[in-house]
Number of protein chains: 2
Amino acid sequence: MTFTEQLRAGWLVGRFVCVGLDPDPAQLMATTRSGDMAARITQFSRAVVDATRDLVVAYKPNSAFYEQFGPAGMGALQDLIRYIHAAAPGVVVILDAKRGDIEHTNEAYAAALFDVYDADAVTVQPYLGGDALAPFLNRLDRGVIVLCRTSNPGGGELQDLPVGQLPLYQRIAELAETRWNRNGNCGLLVGATYPRELSLVRALAPSLPLLIAGVGRQQGAVREAAAAGMTSDGGIIVSSSSAVTHASGGPDFAEAARQATLTLHQQLTGWLSR
Amino acid sequence: MTFTEQLRAGWLVGRFVCVGLDPDPAQLMATTRSGDMAARITQFSRAVVDATRDLVVAYKPNSAFYEQFGPAGMGALQDLIRYIHAAAPGVVVILDAKRGDIEHTNEAYAAALFDVYDADAVTVQPYLGGDALAPFLNRLDRGVIVLCRTSNPGGGELQDLPVGQLPLYQRIAELAETRWNRNGNCGLLVGATYPRELSLVRALAPSLPLLIAGVGRQQGAVREAAAAGMTSDGGIIVSSSSAVTHASGGPDFAEAARQATLTLHQQLTGWLSR
């Protein structure tokens, strides 16, 4: 099945949550018992996957948090993605790498992210334009999620700049919907902290999956964002990272991660079924 | 010495060339004798460094071409940067990774690129704004080279969009010069294929080093770009990748790389001294 087909199958059975898997050195030391960092990443992440796999549509490891451990961290990432494919078939892996270079270089990135690490989808930068994204977009079975409106406070410095009638991030939503999605595998990343912006993005990109990132414990914004992004067949991937994986800083971290995931899952299905 | 001090010291003795080190599987198989891919990368890149180190101000490995070989490729990258620091002291290593995420995540990227891989400078994406770049910019001894106008044909799809009076890439040049360079360690990446755009960038960012990327064999554009970017103390890092490393596809690749580097070096010093 392609990325898009897997997503739709997940939405059909009411799965909208994505768990972000971002290993943090301090958290790993506090929650795992022994071994080098790579072994601790494996121990921690597998336990979180085991505790949440029946509740989620996606996992989202962020590459930065593996890269910080050097080549061994990349080995742990490769191992983790392999584990998710085996233990949670049907759940997509979005490798949050925010890559972006010229076309020739993106061929090497696509080989790395899709072949070596076997991600179902990746996040990418829009700044070099659609032609540069071809090596990602031409992989028909994989997903390409373009940064649109990010959740950081200063995200607007560029993203809100007016380009003709629209701010830049809306222009990107429009380009993704009309030009870049020719293979039906494009999505957009929008921060959960901006529900109003998210509904404007949805209006301009009615057919694209939206990855709603940075969901913390604040319910209000998530509810609004989810409602604004939802389409008749699903349309949203609601991603929460530390609110799930850091729900407990102790040895009961996996149980606590399940509870946090379950709460988000129930909120989303409750709100969305109304 | 900081990145900026090393650059200035290189310019002072007439070094402007940067050699891009982007391992290519086919090229490695044709030019190196035996070993796995990591060993071949090491063999190839060290030979190029040995043949060119007296002529250059910088080396620029592009992360994608190491990532495509998985964790072993990252080990080879780490080894290569260590080798350059030992064999070519004073020559800066620009890790061309084009990273960009929110601030918290960029802390992990900065730890990876500056500490684990020990790059003197990195290339970064502007799309998340200046606040997100803080973990890079706050490393006073390292350089942060922001994508401004890239060399790909479709780079203008976003970069040329008019934002008020200026196209987006010029607005970025302005932001980098006025807001993001508070620690004096910011630079800009501009494609060598756009000499006119480069002179407009230089006008808006008089104090920033310009990494002029994608220099091939076409002399004209390089000459114009170099002349447009040059400042009284140097100001330019002129980067050539495959035109140097693929100058020969045979066992004389290192000699051919030296010849190509020398030609570019002589052209630059000849043009710039007039």
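B:D118 is partly exposed, because 15 other C-beta atoms lie within 10 Å of its own; a residue is termed buried if 20 or more other C-beta atoms lie within 10 Å, exposed if 12 or fewer, and partly exposed in between, with C-beta atoms placed from the backbone. The residue is located in the loop between α6 and β4 (121-124) of chain B, where helices (H or I, at least four residues) and strands (E, at least two) are DSSP runs numbered from the N terminus. Although B:D118 is not a glycine, its phi is positive, at about 60°. Most residues other than glycine have a negative phi. In chain A, helix α6 is likewise followed by A:D118, with a positive phi near 60°.

The structure is a predicted model, in which local features need pLDDT of at least 70, side-chain atom pairs count only at pLDDT 80 or more, and totals for chains, interfaces and linings use all residues. Residues are numbered from 1 along each chain as its sequence is written, while chains are lettered from A and ligands numbered from 1 in the order in which they are written. The mean pLDDT (the predictor's confidence in each residue, from 0 to 100) of chain A is 95, and 99% of its residues reach 70 or more. Both ipTM and pTM are 0.97.

A:K98 belongs to strand β3 of chain A and is buried, since 28 other C-beta atoms lie within 10 Å.

Helix α1 of chain A (residues 3-12) has the buried residues A:F3, A:T4, A:Q6, A:L7, A:G10 and A:W11. These cover an arc of only 160° around the axis and therefore lie on the same side of α1(A), the arc being that of the directions from the helix axis to the C-beta atoms. The face turned away from the buried side carries the exposed residues A:E5 and A:L12. The buried residues of α1(A) pack against β2 (56-61), β3 (92-99), β4 (121-124) and β5 (143-149) of chain A; two residues are in contact if their C-beta atoms, placed from the backbone, lie within 7 Å. After α1(A) comes A:G14, with a positive phi near 75°.

Helix α6 of chain A (residues 103-116) has 14 residues, which at 1.5 Å a residue should span 20 Å, in agreement with the 19 Å between its end C-alpha atoms; the expected span is 1.5 Å times one less than the number of residues. Among the buried residues of α6(A) are A:T105, A:Y109 and A:L113. The packing partners of its buried residues are β3, β4 and α7 (134-137) of chain A, together with α4 of chain B. Buried positions in α13(A) include A:F253, A:R258, A:H265 and A:L268.

A:L168 lies in helix α9 (residues 168-180) of chain A and counts as buried, with 22 C-beta neighbours inside 10 Å. Leaving aside residues up to four places away in sequence, A:L168 touches A:L158, A:Q159, A:D160, A:L161 and A:V163. In helix α2 (residues 25-31) of chain B lies B:L28, which counts as partly exposed with 18 C-beta neighbours inside 10 Å. Beyond its neighbours within four places in sequence, B:L28 contacts B:P23, B:M37, B:R40, B:I41 and B:F44.

At the interface, 42 residues of chain B are in contact with 42 residues of chain A. On the side of chain B that touches chain A, α4 (63-67), α5 (70-87), α6 (103-116), α8 (156-159) and β6 (162-163) of chain B each supply at least two residues. The largest share, 7 residues, comes from α6(B). This side of chain B divides into 20 nonpolar, 15 polar and 7 charged residues, with Ala, Val, Leu, Ile, Met, Phe, Trp, Tyr, Cys and Pro counted as nonpolar, Asp, Glu, Lys and Arg as charged, and the others, Gly among them, as polar.

Chain B can be laid on chain A with an RMSD of 0.0 Å by a turn of 180° and a shift of 0.0 Å along the axis, the copies being superposed by least squares on the C-alpha atoms of residues with pLDDT of at least 70 in both. The two copies are therefore related as by a two-fold rotation axis. Of the interface residues of chain B, 100% are also interface residues in chain A, so the copies meet through the same surface.
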